[in-house]
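Open the model in your viewer and keep the selection panel at hand. The stops below go in order.

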Amino acid sequence: MTELSAPALASPSTIQTAEAGYADWRAWRLASVAAPTGNLALIETRWLADDDETTPEQALAGHPDTVIATELRRRNLDTGAPERGIRLWDADSPAIRAFETIEAFPFDPSWIVEATFTPVSDERTIPFEHIRDNGLTRDLVVPGDITFEREGVEYTLSAFDDDGTLLLVFGDPTNGDDGPDGTYASGRFLFVTRDGDRAVLDFNRAFVPPCGFSDQYNCPLPPRNNRFPVPVTAGEKRVVLRDGAAH
């Protein structure tokens, strides 16, 4: 068996910047998921029929003052027609009350990857299966390829455009593992920093997707080329609730 080389480290300045901001990022994550419209607050996602004119205000009927309503839109998978939905958020949800922490790996500079970003056609899309779409896929715009080499393996990853930011949905063998290094079963997310043709993937900031906090989200799942053959032992692992459950 050929011995693999050690992973190439990012530049010292990139590592220093990432490490200096890590504690603040962790604190922000723990606060944001428990905010009044954070991931733990989502208690209902309701998609409306074409002739249903329910307003967010009407959807709040019967709910306590801690609940607010927002609108969202998507396209129907079968017809392509626009659909309107309402989400209900409870600042005092059972999940917020039970929330303890998000387990995470220790900061590891070897999981800060400097990669090359190669733009592609604006019309390039990749089908992403979503967790609540019963095996169907939604085409998401992928503005370019992210390529790098790690331990002798070349990777070409696809991050889609999430309101102007590159969002990587990836999987690895830690997903769903019951051991101490196990991570959220459906994969994890990572925002990619890009400057021209240079991209930085700091896997220490890989995070549990929204569907790991509430089953009312419809998260995309990692496409085949975004599945690592080796454990990614960096970033968030699982959500821990007060009863000891981990998601």
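Predicted model: local features only at pLDDT ≥ 70, side-chain atom pairs only at ≥ 80, totals over all residues.

**Between the domains**

Residues are numbered from 1 along each chain as its sequence is written, and side-chain values use heavy atoms, with hydrogens and water left out.

Stay at the interface and look for polar contacts. Six residue pairs make them between domain 1 and domain 2, both residues at pLDDT 80 or more. The term means a pair of N or O atoms within 3.5 Å; within protein, one must be able to donate a hydrogen and the other to accept it, and residues adjacent in sequence count only if both atoms are side-chain atoms.

Now select the side of domain 1 that touches domain 2. Elements giving two or more residues to this side are α1 (12-32), β7 (137-141) and β13 (236-241). Helices (H or I, at least four residues) and strands (E, at least two) are DSSP runs, numbered from the N terminus. Color this side by type: eight residues are nonpolar, five polar and three charged.

**The two domains**

Select 12-34 + 101-241 for domain 1, then 39-98 for domain 2. These bounds come from an automatic or database domain assignment. The domain centres, taken over C-alpha atoms, are 26 Å apart. In contact (heavy atoms within 4.5 Å) are 16 residues of domain 1 and 15 residues of domain 2.

**A run of strands**

Next, show β10 (residues 165-170) and β11 (residues 188-195). They pair antiparallel over five bridges; pairing requires at least two DSSP bridges between the strands. Find F170: R188 in β11 stands opposite.

Move on to β12 (residues 198-202). Three bridges join this strand to β11, and the two run antiparallel. T193 stands opposite V200 in β12. β11 and β12 form a hairpin with two residues between them. Click G196 in the turn: its phi is positive, about 65°.

What does β12 pair with over five bridges? Strand β5 (residues 112-119), in the antiparallel sense. T116 has R198 in β12 as its bridge partner.

Finish at β8 (residues 144-150), which pairs antiparallel with β5 over four bridges.

Technical notes. Nonpolar A, V, L, I, M, F, W, Y, C, P; charged D, E, K, R; others polar.
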